[in-house]
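User: Can you walk me through this structure? I am new to this.

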Amino acid sequence: MTKALPKGYEEFQVWADVWALPTEQERRVQRMTSTQAELELFFQAVKPQLDAWIQYLNGFNLAAMAEPEKNLLNLALAVVEVSPAIELFDNPWPKDVYPWQKFTVAY
């Protein structure tokens, strides 16, 4: 399913189609079912854009955000959520810890 991005962000469409998921749970499952090589490829491709995306998204009201901007926000959140796997664990989830399938986030 195509998750449209704002005009000017088309080069990241391939990543949005996989990673611009609307919930933390969905993005975590994507992270855990990806290989470390896939995570690194995603992270290296989009991480350099993160600051610019945040600056762009700061111009929008979160409650009234259009779908393309929501997709860009979800893609940015995915980058942040993948970063521990790249920068700390060198694995989608820390080894020898509580099983990720049992981990839930309370909002």
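Analyst: The chain has five helices and zero strands, where helices (H or I, at least four residues) and strands (E, at least two) are DSSP runs, numbered from the N terminus. The radius of gyration, taken over C-alpha atoms, is 14 Å, close to the 13 Å that the globule rule gives for 107 residues, so the chain is as compact as a globular protein of that length. That rule is 2.2 Å times the number of residues to the power 0.38.

User: Where does the model come from?

Analyst: This is a predicted model: local features need pLDDT of at least 70, side-chain atom pairs count only at pLDDT 80 or more, and totals for chains, interfaces and linings use all residues. Residues are numbered from 1 along each chain as its sequence is written, and side-chain values use heavy atoms, with hydrogens and water left out.

User: What share of the residues counts as buried?

Analyst: Of the 107 residues, 39% do. Buried means under 20% relative accessible area, exposed over 50%, partly exposed in between (1.4 Å probe, protein chains only).

User: Switching to α2, which of its residues are buried?

Analyst: In helix α2 (residues 24-32) they are E24, R27, R28, R31 and M32. They cover an arc of only 135° around the axis, which puts them on the same side of α2; the arc is that of the directions from the helix axis to the C-beta atoms.

User: And what do they pack against?

Analyst: The buried residues of α2 pack against α1 (13-19), α3 (36-46) and α5 (67-89), with contact meaning heavy atoms within 4.5 Å.
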